[in-house]
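Subject: A structure for you to look at

Hi there,

Here is the structure I promised to pass on. Please open it alongside this note, and I will take you through what turned up.

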Amino acid sequence: MTDHQFINDLIKKHGFDEVYHLAGQSFVWLSFSNPIYTHNVNAMGTLNLVEAIREESPRSKMYFAATSELYGKVKEIPQNEETPFHPRSPYATSKLAGFWTMKNYRESYNLFLCNGILFNHESEMRGPEFVTRKITLAAAKISLGMQDHLELGNLDAKRDWGYAKDYVYGMWLILQHDKPDDFVLATNEAHSVREFAEAAFGHAGIDIEWQGQDEDTVGLKRGTDQVLIKINPEFYRPAEVDVLQGDYSKVKKVLGWEPKIKFKELAKLMVEHDLSLFR
Ligand code: GDP
């Protein structure tokens with residue numbers, strides 16, 4: 001993404017009908033220790049791509065993976081396309097640059113450029129550094145006697161977690177619309193990391209009971225003193241996004257999109273996948 005010549009040649013050679021720009025440094029925690037790399041890839045990389053489209057293939061439609069992280073320190077709950085942004089990480093500030101680059105090129109050069117403001121979307125293929133997969137992998141391994149305990153950061157952060165497969169269909173729908181626009185894709189439900197852990201361990205046959213507060217919180221196997229979840233402050237972030245919940249009414253009205261899979265089912269399908277992986 002950082003090689004303008006390469007991106008230019010690629011767009012020139014193929015003149016794609018549709019371009020889905022999902023290439024990015026997408027891990028918020030890592031962006032605090034790698035802010036310049038994150039900005040080079042996410043902000044400059046997006047500029048490289050829209051410049052290539054402007055110069056070499058202005059008929060190409062392009063989708064950009066913007067993010068609910070733009071809302072950061074949220075101004076209202078739930079968030080929609082009109083909610084003001086307040087990014088809280090180098091990841092979010094880099095994506096804000098990408099978001100406005102898309103809008104600016106759309107307005108300046110009449111290009112078909114669209115932002116998807118997608119809330120967290122997870123699946124069986126989610127990277128293990130993200131909290132949902134970290135939890136489902138651990139729940140599966142712990143229930144099979146392959147891992148002792150799980151270490152997490154902030155248990156009280158709330159996210160609007162949907163299923164990646166539903167969201168990829170939404171990305172495609174956005175580019176089939178008759179005009180370029182920006183859309184929120186979400187489930188309009190917020191659940192805490194704590195709730196996700198309870199649901200995931202529950203699907204692996206383990207009932208979690210919480211004790212203690214803040215850094216001393218532990219998740220015990222109910223009715224025993226066996227510690228299965230501990231806090232490790234290493235996973236805290238310098239600035240946290242406390243709650244994200246998306247209002248998807250615009251995309252529902254304009255494109256007829258709705259999430260099919262929500263929180264409980266998502267945790268279940270991820271744990272079942274991870275259980276069969278280790279079995
Ligand atoms: P994000 O919403 O894109 O940052 O997705 P993540 O899955 O990385 O994090 C979601 C939330 O879970 C954030 O508020 C994190 O602070 C919180 N969290 C708590 N413990 C952990 C952990 O061990 N790893 C990660 N990645 N996030 C954690």
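Let me begin with P180. Setting aside neighbours within four places in sequence, P180 is in contact with R106, L111, F112, L113 and C114. You will find P180 in the loop that runs between α6 (164–176) and β8. P180 counts as partly exposed because its relative accessible area is 25%, which falls between the 20% limit for buried and the 50% limit for exposed. For a sense of distance, take T136: it is 44 residues from P180 in sequence, and the two C-alpha atoms are 37 Å apart. Please keep in mind throughout that this is a predicted model.

T187 lies between β8 (183–185) and β9 (191–192). Is T187 buried or exposed? With a relative accessibility of 2%, T187 is buried. Its side chain makes a polar contact of 2.6 Å with the side chain of D160, and a polar atom of that T187 side chain also lies 3.2 Å from the backbone nitrogen of E189. Beyond four places in sequence, the residues in contact with T187 are D160, W161, G162, Y167, G246, Y248, P259, I261 and K262.

Now to the ligand. Which of the 18 residues around the ligand come nearest? They are K134, G153, R159, R237 and E240. Several polar distances are worth checking on your screen:

- R159: an N or O atom of the side chain is 2.7 Å from an oxygen atom of the ligand.
- V131: a polar backbone atom is 2.9 Å from an oxygen atom of the ligand.
- E69: an N or O atom of the side chain is 3.2 Å from an oxygen atom of the ligand.

Taken alone, the ligand would expose 530 Å², and the protein buries 97% of that. The space that the ligand takes up is the largest pocket. Two elements, α5 (131–143) and β5 (150–152), are the ones that give two or more residues to the shell around the ligand.

Those two elements come up again at helix α7. This helix covers residues 193–203, and its buried residues are V193, F196, A197, A199, A200 and F201. Among the elements that cover these buried residues are α5 and β5, together with β9, β10 (208–211), β12 (227–231) and α9 (263–278).

Have a look at what comes after α7 as well. G205 follows the helix and has a positive phi, near 85°. I206 sits in the loop between α7 and β10. I206 is buried, with a relative accessible area of 8%. Leaving out neighbours within four places in sequence, I206 is in contact with I142, S143, F201, K221 and L228.

One more residue before I stop: E51, in helix α3 (residues 35–56). E51 has a relative accessibility of 16% and therefore counts as buried, since the limit is under 20%. Its side chain makes a polar contact of 2.8 Å with the side chain of R54. Beyond four places in sequence, E51 is in contact with H4 and Y105.

Happy browsing, and do write back with any questions.

Best wishes

Definitions and conventions. Residues are numbered from 1 along each chain as its sequence is written. This is a predicted model: local features need pLDDT of at least 70, side-chain atom pairs count only at pLDDT 80 or more; totals for chains, interfaces and linings use all residues. Side-chain values use heavy atoms; hydrogens and water are left out. Helices (H or I, at least four residues) and strands (E, at least two) are DSSP runs, numbered from the N terminus. Buried means under 20% relative accessible area, exposed over 50%, partly exposed in between (1.4 Å probe, protein chains only). A polar contact is a pair of N or O atoms within 3.5 Å; within protein, one must be able to donate a hydrogen and the other to accept it, and residues adjacent in sequence count only if both atoms are side-chain atoms. Contact means heavy atoms within 4.5 Å. A residue is near a molecule or strand if one of its heavy atoms lies within 4 Å of it. Accessible areas come from the Shrake-Rupley method with a 1.4 Å probe; for residues, only the protein chains shown count as cover. On a 1 Å grid over the protein atoms alone, a cavity is a set of points where a 1.4 Å probe fits but cannot get out, and a pocket is an open set with protein on both sides within 12 Å along at least five of seven lines; lining residues have an atom within 4 Å of a point. A molecule sits in a cavity or pocket if more than half of its atoms lie within 2 Å of its grid points.
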